[in-house]
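Biologist: I would like to learn how to read a helix and a DNA-facing surface in a model like this one. Could we go through it slowly?

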2 protein chains.
Amino acid sequence: MTPSLGRSANGSPPTLADVAERAGVSRQTVSNAVNNPDLLRADTLARVQLAIDELGYLPNRAARNLRTRASHLIGLRILPAQEGTANATMDRFVHSLVEASREAGYHVLLFTGDPTDPVAGYDDLLRSTAVDAFVVTDTYLGNPQAAWLAGRRAPFVAFGRPWDDPGADHPWVDVDGAAGAELATKHLIGRGHERIAWLGWRKDSFIGEDRRSGWTRAMRAHGFATTGLASRTEDTVASGREASAVLLDEAVPSAFVCASDTLAMGVLHTLAERGLHPGRDVAVVGFDDSMVAQLVPPGLTSVRQPLEEVAVMVVRALEGLLSHPPRRADDVLLTPALTVRGSS
Amino acid sequence: MTPSLGRSANGSPPTLADVAERAGVSRQTVSNAVNNPDLLRADTLARVQLAIDELGYLPNRAARNLRTRASHLIGLRILPAQEGTANATMDRFVHSLVEASREAGYHVLLFTGDPTDPVAGYDDLLRSTAVDAFVVTDTYLGNPQAAWLAGRRAPFVAFGRPWDDPGADHPWVDVDGAAGAELATKHLIGRGHERIAWLGWRKDSFIGEDRRSGWTRAMRAHGFATTGLASRTEDTVASGREASAVLLDEAVPSAFVCASDTLAMGVLHTLAERGLHPGRDVAVVGFDDSMVAQLVPPGLTSVRQPLEEVAVMVVRALEGLLSHPPRRADDVLLTPALTVRGSS
DNA sequence: ATCCTGCCTTGGAACGATCCAGCCCATGAC
DNA sequence: GTCATGGGCTGGATCGTTCCAAGGCAGGAT
């Protein structure tokens, strides 16, 4: 009678010693079979492997973690979903991160923290050796976590450039927002638009200014005026609606490029109120290719960030940091694409 | 000179032994100070606590996990975000789950798995003792995970009733979809509508049929006809658009209640194509209160699930399962609310 | 036959926490 | 003074793995 898979006679999961006894070798040999198979002679390896399969053995995580001083967990702090905005990019990113991590032998551990304290939550996980490294994502207004983590010598990779600290030397991956906005603007220019408005975030947002520069660049390259065609506001639908109404009245643009889908939805609200049709009367392009962009009639053209690729590069950088000896991966700047829909 | 917080002389985090030495007590006494403070004399406790604070000691997770045979991690499987649908309820739920878990002393570990294999991913985590329990969420088409996990004696709590297996005895938490649809329908009846159509999922969806029954119940209670007013289709915008077009032509409803925001967006597409205004010409109510519902002009009235509360109840049930001796919490059925917006 | 070489394999120690049994000592009853 | 009592604390053993140093063995050179 074979023991039921993954459960030895006494009811608890099989251990290295159980496998060793069954295969007639020592514990260390089983360990080698699992971690350094090429150290074993072929026939021994086969015998051990058979015992492993028969018992359904998997190494105990806690014991391995204790001995190797590693948890094979990556910490990711998540913030409360902001209701009323289209900022659900995290969904796509998180899934890709989990997937990429798994392939690298890691799991993702989520934690939260006081949104007003950028460092909350990191400390406990670090001191209790619960995670090996962090992925830092919420860097839209500077990145105090980076300096803090670097001070603690905690390995981490940032999704987002260290805008506020050019001297920071942690690895990062980011998406070229300026290129995205430029792409959007050129797309509209290609459709014959000349008076293209920019609807963006307030000036203290590094990302917002970066994206805006892409619009400026494209407009200047074609010799189109930008004066009076730009507006900076909060990232809410209401702000986007008001700002776009003012722009329509004062600057009479034929198209809008927005720093976010949230703002673009504000434009659609204004158009709806005025009986104007997006894509026919006024073109609108958003940023992030959110679900809203995909679903709203007649479809919102939007800049799509390659989040899947970002996650893969982030994990690659993490693998470097966590290898022996640690390697610092090159920073990565990825180029977004444009998803064209009915609004343009 | 005091050692820097959280790092002892040799560079690694302080251990129980370090604290014991500093406080002049044994390891066990420090352990008791952390886990059973009431076993210590007040002055001893104070002395140990001081040493703990000075050294910035936190128990090593791996060592504690190994000894106690628990990881204090809860596994949550996430599926790829379905692009083109409004199904982002997970965002809200996941955040609440992480928050509630933290308060109970647990962390959430994410994993993925082959979407076509409902059991993939669970096995490895279980056998390697990486998690203490699971939260099972993707139960829309039956719940094979439940039977499988129960067979493995793995503790888990389901978000979603065991529709397909009334004999299942695992704890679950769910939202009363019928009550939600009834709420939506009554809301429309209160606004004077009598010909209210149902736009739902295919018949093999338990959740879809449950929600539909709420519509039926409300309509019958007011003596309104339902014949010809219901349509079942795929959960995509395109399907919702086609089905609503057919219903408008053949049954001439003045309002739609939908099984999802995705389908409701399909209705909005049809209305937009025909130059009809949601909320003015035809009323539309969705289900899930997604970001799309919040952002689309003029706002989509939608049934909002109390996901925060679901998460809290799920964690409460988990705490029961993981306590000694295990307790099975009572099943919970929560009632959703209606968020009224411009579309009705 | 002896020794060396290199490959495979072995047993003991260690990671840092908790469990367990028992020791110490102040207290109170006799 | 002796002994039982029990709260407070200690030291050894243990969880399951990997690291480390060394042992065993076959094969070739001496």
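Modeller: Let us start with a term: a residue is buried if 20 or more other C-beta atoms lie within 10 Å of its own. Please keep in mind that this is a predicted model.

Biologist: How many residues of α11(A) are buried?

Modeller: Eleven of its 13 residues are buried, so α11(A) is largely enclosed by the rest of the structure. Among the buried ones are A:D261, A:G266, A:H269 and A:L271.

Biologist: Why does A:T262 count as buried?

Modeller: A:T262, which is found in helix α11 of chain A, counts as buried because it has 28 C-beta neighbours inside 10 Å, and the cut-off is 20 or more. The C-alpha atoms of A:T262 and A:V237 are separated by 5.5 Å, although these residues are 25 residues apart along the chain.

Biologist: What span does α11(A) reach from its first C-alpha to its last?

Modeller: The helix reaches 18 Å, close to the 18 Å expected at 1.5 Å a residue. Just after α11(A), A:G275 takes a positive phi of about 70°.

Biologist: Which residues are the closest to DNA strand D?

Modeller: Of the 25 residues that surround DNA strand D, the closest are A:T15, A:L16, A:A63, B:S26 and B:T44.

Notes. Residues numbered from 1 in each chain as written. Chains lettered and ligands numbered in written order. Predicted model: local features only at pLDDT ≥ 70, side-chain atom pairs only at ≥ 80, totals over all residues. Near = placed C-beta within 6 Å. Helix = DSSP H or I, 4+ residues; strand = E, 2+ residues; numbered from the N terminus. Buried ≥ 20, exposed ≤ 12 C-beta atoms within 10 Å, placed from the backbone. Expected span 1.5 Å × (residues − 1).
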